Amino acid sequence: MKHADAAMYLAKEQGKNNYQFFSEELHQILAKKLQLERELRKALDEKQFTLHYQPKIHLQTGQIIGMEALIRWEHPDLGLIPPIQFIPIAEETGLIVPLGEWVMRTACQQIKVWQETGFTQLAVAVNISLRQFMQNNLIEMITSILEETGLSPQYLELEITESMALNVDYTIRILNRLKGLGISISIDDFGTGYSSLSYLSQFPIDRLKIDQSFVRNLNPRNQAIIKTIIDMAHNMKIAVIAEGVETQEHVDFLKEQMCNEVQGYFYSKPLPTKEIDSFLQVNRYGESGSMV
């Protein structure tokens with residue numbers, strides 16, 4: 001019965017209208033998943049998580065305009081566990097809600113510290129999952145964190161995914177309340193999900209993030225897609241940032257297309273706080289000579 005139950009849950013994960021057989025491989029997968037779930041609950045209590053930050057760069061000036069906060073799990077025995085392994089489990093179990101609150105509080109605290117050391121215009125972007133977005137006290141939680149950390153709302157950007165568009169009325173209502181607080185909203189991984197021009201005209205969006213898969217594989221079709229997204233965003237008065245910028249070719253193409261904001265390994269990989277401190281000091285002045 002236990003084995004049949006495991007196969008049933010695997011079938012549910014694969015969607016409707018399918019069947020799965022129990023196997024030793026499935027047993028190992030489920031055992032590892034259950035172990036990670038147990039360890040994940042413990043990790044929250046033992047504060048095993050940390051944040052890395054990836055700089056966001058103004059392409060024309062070289063100025064650092066912000067940071068994206070990215071969670072990392074440093075397990076004492078298993079080592080560094082990548083987000084792709086534990087974030088889906090956190091989503092399934094609901095642990096993404098307290099985890100997401102920790103990320104937002106920690107990121108706001110850190111960006112406030114950097115602002116007080118002279119980087120006064122530095123902003124931080126935090127990813128919001130669908131489950132977080134649907135929680136009843138989202139607005140109250142964010143308001144409380146901003147008050148607690150003293151960070152001005154204009155320096156917080158929330159990155160949502162296109163999956164939020166599945167419930168248009170609710171999304172519009174929540175986004176308008178967030179905008180009312182002064183918070184910026186961006187759509188992450190644009191072009192890979194439920195892309196719809198209709199919701200772009202309805203949602204109060206400040207920025208589109210071109211998915212890194214288009215930039216990394218800069219073939220003629222992807223170039224056309226990137227150019228279309230940039231032109232559309234400019235016409236709608238929406239800022240646009242390209243992720244996955246890794247080569248001079250990427251930089252040159254995006255400059256030609258007037259994409260003013262970029263993010264990627266060409267400038268910096270995500271770094272822990274201490275290394276970002278050094279990065280900020282070295283790059284205190286952009287190419288134009290203006291201070292961050």
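## Around helix 10

A contact is a pair of heavy atoms within 4.5 Å. Buried stands for under 20% relative accessible area and exposed for over 50%, with partly exposed in between (1.4 Å probe, protein chains only).

A word on the model before we go on. It is predicted, so local features need pLDDT of at least 70 and side-chain atom pairs count only at pLDDT 80 or more, while totals for chains, interfaces and linings use all residues. Residues are numbered from 1 along each chain as its sequence is written, and side-chain values use heavy atoms, leaving out hydrogens and water.

Now for helix 10 itself. Its 16 residues (220-235) should span 22 Å at 1.5 Å a residue, and the end C-alpha atoms are 23 Å apart, which agrees. The expected span is 1.5 Å times one less than the number of residues. Which residues of helix 10 are buried? They are Asn222, Ile226, Ile229, Ile230, Met232 and Ala233. Viewed down the axis of helix 10, these buried residues fall within an arc of 165°, so they line one face of the helix; the arc is taken from the directions from the helix axis to the C-beta atoms. Turned away from that buried side, another face carries the exposed residues Pro220, Arg221, Thr228 and Asn235.

The ends of helix 10 are worth a look too. After helix 10 comes Lys237, with a positive phi near 60°.

From here, follow the strands. Strand 6 and strand 7 pair in the parallel sense over three bridges, where pairing requires at least two bridges found by DSSP. Ser186 has Arg207 of strand 7 as its bridge partner, and Arg207 in turn is partnered by Ala239 in strand 8. Strand 7 and strand 8 run parallel and are joined by four bridges, with Lys209 standing opposite Ile241. Next, two bridges join strand 8 to strand 9 (residues 261-262), again in parallel, and Ala242 has Val262 as its partner there.

In a regular strand the side chains alternate between the two faces of the sheet. Strand 7 is covered on both faces: Arg207 and Lys209 on one side, and Leu208 and Ile210 on the other, are all buried.

Let us turn to helix 2 (residues 24-46). Its 23 residues reach 32 Å from first C-alpha to last, close to the 33 Å expected. Leu26, Lys33, Leu36, Glu39, Leu40 and Ala43 are buried in helix 2, and its buried residues pack against helix 1 (2-13), strand 1 (49-58), strand 2 (64-75), strand 3 (79-81) and helix 3 (83-93). Lys47 follows helix 2 with a positive phi near 55°.

Finally, Gln115 in helix 4 (residues 96-116) is buried, at 10% relative accessible area. Leaving aside residues up to four places away in sequence, Gln115 touches Thr120, Leu122, Leu151 and Tyr155.
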